[in-house]
Amino acid sequence: MADYTCMRLALAADHAGYSLKQELGARLTQQGHSVLDLGTHSTAPCDYPDAAEAVANVIRDQQADRGIIVCGSGAGVSIAANKFPGIRAAVCHDTYTAHQGVEHDDMNVLCLGARIIGSALALEITTAFLGAVFSKEERHRRRLDKVLAIERRYARS
C-alpha cells in the first residue's frame, strides 16, 4: 500500500450507486482511510445532485482531502459536482484517467458509474486516484491556473 493510508475521504452516492458506495467504503476503511459516508443509506430513489453537493461541501470546508461520488453512469454527479467552486470532478472508468486527472489537472473528486463498471475495477480506479499527486509541473500549473481563472470570472458573488 502507498503512503496515502491516512487520507480523509468524502463518499456519497445516489440510489443507483448505493451498493458500490457501500463496498468501496468498507474496502477503503480496511485500507486505513478515514471515510466520511455522506449517504445515501439505502436504495430508495434519491437525487444525484444531493450526493454531489454533500461531497463538494465537505471538500470545500477542508473536512476531507478528496471525494468519491457514485451514481448510475458517473456523468450526473460529475456535472453537479463541477458546479461548485474549488471542485474538480471527473468521471473515470479506467485507471489511467483516474491518476492522470490528479497528476495533470489536480482533480479532487472521483465520479464513478455503478451501472458501467464492477466493484473490482472501481477499487482499482479508486486506488489509482488516491495514489496520484498533482505534478506541479509548469505546464500543468499554467493550465490549472487558466481553469481557476475561468471559475473566478464566472463565479457569482
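An axis, as the word is used here, is a line fitted to C-alpha atoms, for helices over the stretch in contact, and the angle between two axes runs from 0 to 180 degrees between N-to-C directions. The structure is a predicted model, in which local features need pLDDT of at least 70 and side-chain atom pairs count only at pLDDT 80 or more, while totals for chains, interfaces and linings use all residues. Residues are numbered from 1 along each chain as its sequence is written, and side-chain values use heavy atoms, with hydrogens and water left out.

## Helix α5 and its neighbours

Helices (H or I, at least four residues) and strands (E, at least two) are DSSP runs, numbered from the N terminus. Helix α5 has 13 residues and spans 18 Å from its first C-alpha to its last, close to the expected 18 Å at 1.5 Å a residue, where the expected span is 1.5 Å times one less than the number of residues.

Which residues of α5 are buried? They are Ala122, Leu123, Ile125, Thr126, Ala128, Phe129 and Leu130, where buried means under 20% relative accessible area, exposed means over 50%, and partly exposed lies in between (1.4 Å probe, protein chains only). The buried residues of α5 pack against β1, α1, β3, α4 and β5, and contact here means heavy atoms within 4.5 Å.

How do the axes of α4 and α5 cross? They come within 8 Å and cross at roughly 20°, which makes α4 roughly parallel to α5. On the side of α4 the contact is made by Thr95, Ala98, His99 and Val102, and on the side of α5 by Glu124, Ile125, Ala128 and Phe129. For the naming of such angles, those under 35 degrees count as roughly parallel, over 145 as roughly antiparallel, 65 to 115 as roughly perpendicular, and the rest as oblique.

The axes of α1 and α5 come within 10 Å and cross at roughly 50°, and the two helices are therefore oblique to each other. Their contact is made by Leu20, Glu23, Leu24, Arg27 and Leu28 of α1, together with Ser119, Ala122, Leu123, Thr126 and Leu130 of α5. The crossing of α1 past α5 is right-handed, and α4 also passes α5 in a right-handed crossing; a crossing is right-handed if the near helix is turned clockwise from the far one by less than a right angle, and left-handed if anticlockwise.

## The nonpolar cores

In soluble globular proteins, nonpolar side chains tend to be buried together. A nonpolar core is a set of buried Ala, Val, Leu, Ile, Met, Phe, Trp, Tyr and Cys residues joined through side-chain atoms within 4.5 Å. The largest such core holds 23 residues, of which Leu24, Ile68, Val70, Leu110, Leu112, Ile125 and Phe129 touch the most other members. Two or more residues come from each of β1 (8-13), α1 (18-30), β3 (66-71), α4 (95-105), β5 (109-113) and α5 (119-131), and α5 gives the most, with six residues. A second, separate core has 19 residues, among them Ala12, Ile59, Phe84 and Ala89.

The table lists relative accessible areas for some single residues.

| Residue | Relative accessible area | Class |
|---|---|---|
| Histidine 140 | 2% | buried |
| Glutamine 100 | 19% | buried |
| Glutamine 31 | 21% | partly exposed |
| Lysine 136 | 51% | exposed |
| Glutamine 62 | 62% | exposed |

Histidine 140 lies in helix α6 (residues 138-154), and, not counting residues up to four places away in sequence, histidine 140 touches Glu103, His104, Phe134 and Ser135.

## Backbone details in the loops

Where is glutamine 62 found? Glutamine 62 sits in the loop between α2 and β3, and has a positive phi of about 60° although it is not a glycine. Lysine 136, in the loop between α5 and α6, has a phi near 60°, which is a positive value in a residue other than glycine. The peptide bond from glycine 39 to threonine 40 is cis, with omega near -5°, and threonine 40 is located in the loop between β2 and α2 (48-60).
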